Amino acid sequence: MHPPKALALLGPTASGKTGLALEIAAHLPVEIISLDSALVYRGMDIGTAKPGAAERAACPHHLIDIISPLEAYSAAEFVADCARLAGEIHARGRLPLIVGGTMMYFHALTQGLNALPEADAATRAALQAEKAAHGLAHLYARLQEIDPATAARLKPADSQRIERALEVWQLTGRPLSAHFAEHTPHTAPLDLCTLALIPVDRTLLHAQIAKRFHAMLAQGFLDEVQQLQAAYPALSADMPSMRCVGYRQAWDYLAGAGDYADFTEKGIAATRQLAKRQLTWLRKLPLAHSLDPYAGSDWVQTAISLTKRHFMFE
C-alpha cells in the first residue's frame, strides 16, 4: 500500500506560512496539520501567532491546543499523530497540508527517530535536585566528561538538553552521541512533497519579525503570560512551553529583569535567532520547491499550482 500523499509547507517564523496555507485552502480541499511545537499549548495564542477563530473556521486545523502549558509533546508523538491524521484526512476525501517551522519534528517525520528512552520522572527529579544544589555548570562539566561530543554542540546554558543528555546516559549507560551515531533504515510514513518559503533578502524577514512582535504586544501578549501564570501556579520558566520564543523573555521581564525596551529588544532578537536556525535547517534539506515570499505576488499562485500538481488535482 502506498503511503498517503501530503504536502509540507515549511519556512522560518513570520515568513507567511499561515497566509499561504489559507490561500491554498481556498483552492483545494485541504486540512492543515500544524508542524509547530508552540501551537500545541492551550492558552498560548498571542505569543505563538496562533491562527485565529476565523482562520480555523475557514479550514480545519490539527495539533493545535492539544495540551496544557504544564505538559510536554515529543517529536515521536508528533510523527505518530501526523501519520494518523494524514490517513484520516485522506479517508475523508481531503488532502493533508503540513504547515510550520519546527524542524526537529520534520526531521523525525522524514528521517526517523533514534531509539532513545522515554523521559524518566525519578531521573529527572534527581538531576533537578543536583542542579539546584550545585548549579547548571556542574551538570555541564559532568556531561563534558561522559559525552564530550554532545557537550561540544550544546550551549553551557541549555539546561533542557544538558539534562536530557545526562538522563539518556544514566538510563542506558551509553552517551547520547553514541545513540545518534547509530543509523537505522527509516521508511517515511507519508508520500511527502516539500515546499519552503525562503526569503532572499533577510532584512525583509527581520522587519516582519519586529512588526509582528510589536503587534503581539499591542494585542496583550504580556497579559497573556500573566494569565498563564495565574491559571497554572505550577508553571515555571524551565518548562518547554515557557521556553518558546518570546515567552521566556516575557517571563523574565515580568519577574523584574530589565525594562520594557530591553524586553522588546530581546524578544525580537530571540525571534530572529529562531528564524536563523530554521533557515539553516532548510538549506540542508533536499527541498522539492522553494519560493521567496517577498518576490511580488506570483509566488502565491506558483505555490497553489505546485500543490495541485503534487496532489494530481490538475
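**Strand pairing and salt bridges**

Student: How many bridges join β5 to strand β6?
Tutor: Good place to start, and keep in mind that this is a predicted model. Strand β6 covers residues 289-291 and runs parallel to β5. Within this pairing, Leu195 has His289 as its bridge partner in β6. The number of bridges joining β5 to β6 is three.

Student: How many of the seven residues of strand β5 are buried?
Tutor: Strand β5 spans residues 191-197, and a residue counts as buried when its relative accessible area is under 20%. The strand is largely enclosed by the rest of the structure, because the buried residues number five of the seven.

Student: On to charges: how far apart in the chain are Asp238 and Lys131?
Tutor: Their side chains meet in a salt bridge, with N to O at 3.8 Å. Asp238 lies in the loop between α11 (221-231) and α12 (247-254), whereas Lys131 belongs to helix α5 (residues 121-134). The pair therefore links distant parts of the chain, and its separation is 107 residues.

Student: What is the relative accessibility of Glu167?
Tutor: Glu167 and Arg164 meet in a salt bridge, N to O at 2.8 Å. Both sit in helix α8 (residues 159-172), and because they are three residues apart, about one helical turn separates them. Arg164 counts as partly exposed at 23%, whereas Glu167 counts as buried, with a relative accessibility of 0%.

Student: Which residue forms a salt bridge with Lys266?
Tutor: Look four residues away in helix α13 (residues 260-284), a separation of about one helical turn. The closest N and O atoms of the pair are 3.3 Å apart. Lys266 is partly exposed at 46%, and its partner, partly exposed at 25%, is Asp262.

Student: How many salt bridges does the structure hold?
Tutor: Besides the pairs we discussed, there is a network of salt bridges linking Asp45, Lys50, Arg56 and Asp65. For the structure, the number of salt bridges is 16.

Technical notes:
Residues are numbered from 1 along each chain as its sequence is written. This is a predicted model: local features need pLDDT of at least 70, side-chain atom pairs count only at pLDDT 80 or more; totals for chains, interfaces and linings use all residues. Side-chain values use heavy atoms; hydrogens and water are left out. Buried means under 20% relative accessible area, exposed over 50%, partly exposed in between (1.4 Å probe, protein chains only). Helices (H or I, at least four residues) and strands (E, at least two) are DSSP runs, numbered from the N terminus. Two strands pair if DSSP finds at least two bridges between them. A salt bridge is a side-chain nitrogen of Lys or Arg within 4 Å of a carboxyl oxygen of Asp or Glu.
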